[in-house]
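Dear colleague,

Please find below the structure that I am handing over to you. My notes on it follow directly after.

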Amino acid sequence: MNDANVNPLPPMPLTMALVGQRVTFAGVRNAGRGLTHRLAEMGLTPGENLEILNRGSGPFIVSIKGSRFVLGRGMVHRILVRPG
Amino acid sequence: MTDKHFTIALAGNPNSGKTTVFNAITGARQHVGNYPGVTVEKKAGAATHGDVRLEVVDLPGTYSLTAYSIEEVVARNFLLNDKPDVVVDIVDSSNLERNLYLATQLMELGVPLVLAFNMSDVAEGRGYNIDDDKLAELLGVPIVKTVGHKGKGITELLDAALAVARDGQAVASQRHPNYGSEIEPHLKQLTGLVAEKCDKHRPRWFAIKLLENDAETIKRLRQACPQHIEELLAEAERLRRHIESICGDAAEIILADRRYGFISGACTEAVTQSVEVRHERSDKIDSVMTNRYLGLPIFALLMFLVFQLTFFMGNPLVDLLDSGKGLLAEAVGGLWGESGADSVLRSLLVDGIIEGVGAVMVFTPLIMLLFLAIAFLEDSGYMARAAFVIDRLMHKIGLHGKSFIPMLIGFGCTVPGIMATRTLETRRDRLTTILVLPLMSCGARLPIYVLILGAFFPVNTVLRLFGILPVTNHALWLFLIYIIGIALAIICAKIFRATLLKGEATPFVMELPPYRMPTLKGLAIHMWERTWLYIKKAGTIILAIVVVLWALAYWPKLGEEKLVVFEQRRAAVQADAHPDKEQTAELLAEIDAAEHEAKLEHSAIGRAGKTIAPVFKPCGFDWKISTATIGAFAAKEVFVGQMGVLYSVGDDVDEESVDLREKLAAKYTPLMGFCIMLFSLISMPCMVTVAVTVREAGWRWALLQVTYLTALAWVLTTIVYQVGSRLI
Ligand SMILES: Nc1nc2c(ncn2[C@@H]2O[C@H](COP(=O)(O)OP(=O)(O)O)[C@@H](O)[C@H]2O)c(=O)[nH]1
């Protein structure tokens with residue numbers, strides 16, 4: 001939210017993040033309300049940290065609030081993150 | 001309080017151990033049904049605690065109480081409409097923050113609540129130090145630590161639940177998230193409006209849901225207070241806009257964020273962690289299981305092992321039951337003695353029920369082992385990994401890895417597979433998955449394959465895996481059949497995605513539960529629930545069908561004048577007194593067989609079969625197989641039962657009861673056997689599958705499913721038979 005504006009780095013798609021990297025969730029593009037809301041309920045709200053554990057040839061495995069999630073390939077293209 | 005009867009609802013995230021706790025509370029006293037109007041399973045059970053009777057309802061596992069899935073709607077509506085006396089939220093305390101999210105929603109809903117901090121052993125192992133008294137105070141809700149599979153803390157949990165159920169004021173002491181100065185005043189205002197115009201009991205809950213623009217709530221309020229709904233909606237919309245303009249995000253996102261803020265605030269005060277270890281072991285296993293290169297080979301090997309072990313251990317048991325069935329048939333048949341050959345009751349019992357239902361029942365061990373293996377994959381947490389690993393392949397056919405879980409369940413039974421498609425995000429994905437799901441060869445088709453393989457392909461060991469585990473040719477044949485099913489599913493899915501169900505792949509999210517060693521009890525319960533359905537089906541639907549089929553095969557009887565002909569031929573052979581005893585016996589057997597055949601052809605089913613047989617002629621099927629394949633529509637395993645009946649009605653009493661397999665082997669060729677397997681694999685799904693598809697997708701899709709599969713089965717089988725019979 002507001003602290004997102006404080007972070008100077010522009011958001012990038014999650015696909016550009018590397019395995020082992022910790023990034024900050026910045027938002028979802030091209031997504032309906034429902035999807036954004038569901039991500040928020042999972043714990044992925046703006047400013048939340050996520051760590052990339054595995055990137056297969058499409059989906060990623062990430063850690064959010066201590067839980068492991070598979071994010072499908074459509075998802076990783078839409079999720080925007082900031083490094084750090 | 002004098003009331004000695006309470007209703008407890010169990011809520012909780014998937015994988016929090018809810019089923020385990022439910023089983024620990026209710027033991028074997030459970031009944032499974034459906035929630036009205038939807039195919040979500042409703043499990044309930046009875047228990048007594050002290051002198052209080054409890055009705056325990058297991059709500060569907062959900063992460064939240066929004067209305068994004070049928071499960072969430074069902075859980076929510078149960079809480080709103082049935083008003084249980086107390087709700088027990090099963091929380092995975094080794095993953096507190098995310099699990100408490102549901103708890104905050106339950107608190108906002110204003111239900112009497114107790115939190116079961118389950119998996120407390122795991123939490124401790126991970127170095128979490130949870131001050132549950134403090135946390136209970138911060139949340140205003142009693143907390144009881146439990147270890148589900150050990151039954152630890154269950155008594156205390158029920159004590160706490162009853163205390164809350166009896167205490168009318170429990171809800172009032174609950175805390176709930178405070179949404180801060182930007183939102184809270186507006187929320188209060190809307191709450192006031194809801195209370196005044198519409199609902200006095202849960203105004204805050206409805207106000208929050210209106211702010212979240214929750215469709216289900218809007219529908220509900222529209223019914224409850226039609227004259228004020230527009231006013232409420234307008235006010236909610238105004239507030240949403242206002243919140244969005246000052247906070248920069250949609251109201252529902254802010255609310256979710258604040259709930260997590262509330263939780264993390266409470267946890268910071270009450271939970272300390274000595275070491276950072278969460279998931280460490282799981283992550284290590286995952287680095288192998290989901291490895292880029294190893295993932296797929298491991299997956300393929302596991303699938304192969306599942307089937308191989310199922311057969312390796314199952315087949316001897318099947319043979320054992322089969323001989324048991326033979327003995328039973330003999331014993332029951334023997335009650336009539338020599339003179340009973342014409343007894344209708346004897347034929348009904350022996351030829352109809354024992355042969356028909358028995359043929360299905362003897363395969364129970366195989367079904368049980370298959371369900372056991374699937375339960376193991378589910379309970380251990382591997383299933384979700386398989387979905388990740390297989391995503392690349394699934395993507396090629398326009399689906400994603402998550403669609404694979406319903407398909408894998410479909411190997412056990414198509415019906416729960418179809419229900420499991422609910423977790424898929426879009427209708428396109430759901431429909432494609434449902435359409436091709438019947439191609440995942442279900443457990444009920446297994447008896448057909450095993451019967452055929454046993455008849456035509458003498459079993460032998462072709463290689464030894466790891467030098468010990470024997471792999472039989474049967475296992476390889478079966479593998480081939482399954483692979484054909486999967487290959488066809490891939491092709492068909494691709495075609496559907498390119499034509500009827502066009503569209504780009506949808507984004508998906510799926511939680512990976514930590515790996516857990518499944519408990520024996522958990523596996524046993526999972527396996528038994530599904531196996532019991534199979535047995536129940538054999539004792540009800542299949543019994544009924546088999547009796548009808550038997551009657552159709554028994555009547556009308558061959559006229560005396562025809563029977564006399566056979567008698568005369570028999571007498572002639574015996575009178576001949578051929579020196580070669582064996583040859584005489586052979587001739588007699590031939591006459592018996594011819595008589596049997598004539599009786600069957602004369603019966604109602606024989607005539608019906610003959611009428612439809614031309615349709616199946618190109619597939620290489622005679623009228624008996626044709627009728628059996630049609631009977632298989634009722635339930636796949638009926639095929640086996642029906643063949644059992646067709647090949648035993650009219651048999652002589654004292655004739656050595658020849659195994660059905662031997663009869664088949666004598667009558668058909670291996671190519672025909674293969675064609676039967678192929679047709680059974682592909683052709684129309686069973687009645688129950690069709691019914692569930694109608695319910696989940698609508699009758700048009702169900703109709704499409706039945707027609708395309710049957711047409712495909714006919715065409716492919718015909719090709720295989722025609723080409724095969726020319727080559728061989
Ligand atoms: N270590 C540990 N395992 C548990 C506990 N409760 C349940 N389990 C295991 O967790 C797994 C998932 O449990 P289940 O009841 O099927 O979860 P559900 O999805 O919430 O119904 C099973 O393998 C259980 O044996 C617990 O308190 N401690």
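Asp92(B) forms a salt bridge with Arg516(B), with the closest N and O atoms 3.7 Å apart; a salt bridge here is a side-chain nitrogen of Lys or Arg within 4 Å of a carboxyl oxygen of Asp or Glu. The pair links distant parts of the chain, 424 residues apart: Asp92(B) belongs to strand E5 (residues 86-92), and Arg516(B) to the loop between strand E12 (509-512) and helix H22 (520-539). Over all chains, the whole structure holds 30 salt bridges.

This is a predicted model, in which local features need pLDDT of at least 70 and side-chain atom pairs pLDDT 80 or more, while totals for chains, interfaces and linings use all residues. Residues are numbered from 1 along each chain as its sequence is written, chains are lettered from A and ligands numbered from 1 in the order written, and side-chain values use heavy atoms, without hydrogens and water.

Helices (H or I, at least four residues) and strands (E, at least two) are DSSP runs, numbered from the N terminus. Helix H13 (residues 295-334) of chain B has 40 residues and should span 58 Å at 1.5 Å a residue, which agrees with the 57 Å between its end C-alpha atoms; the expected span is 1.5 Å times one less than the number of residues.

Helix H32 (residues 699-727) of chain B gives the most to a nonpolar patch, with 5 residues. Ile728(B), in the segment after H32, is also one of the patch residues.

Note on methods. Patch = residues over 30% accessible without salt bridge, like charges linked within 9 Å, V, L, I, M, F, W, Y side chains within 5 Å. Areas by Shrake-Rupley, 256 points an atom, 1.4 Å probe, with all protein chains shown as cover.
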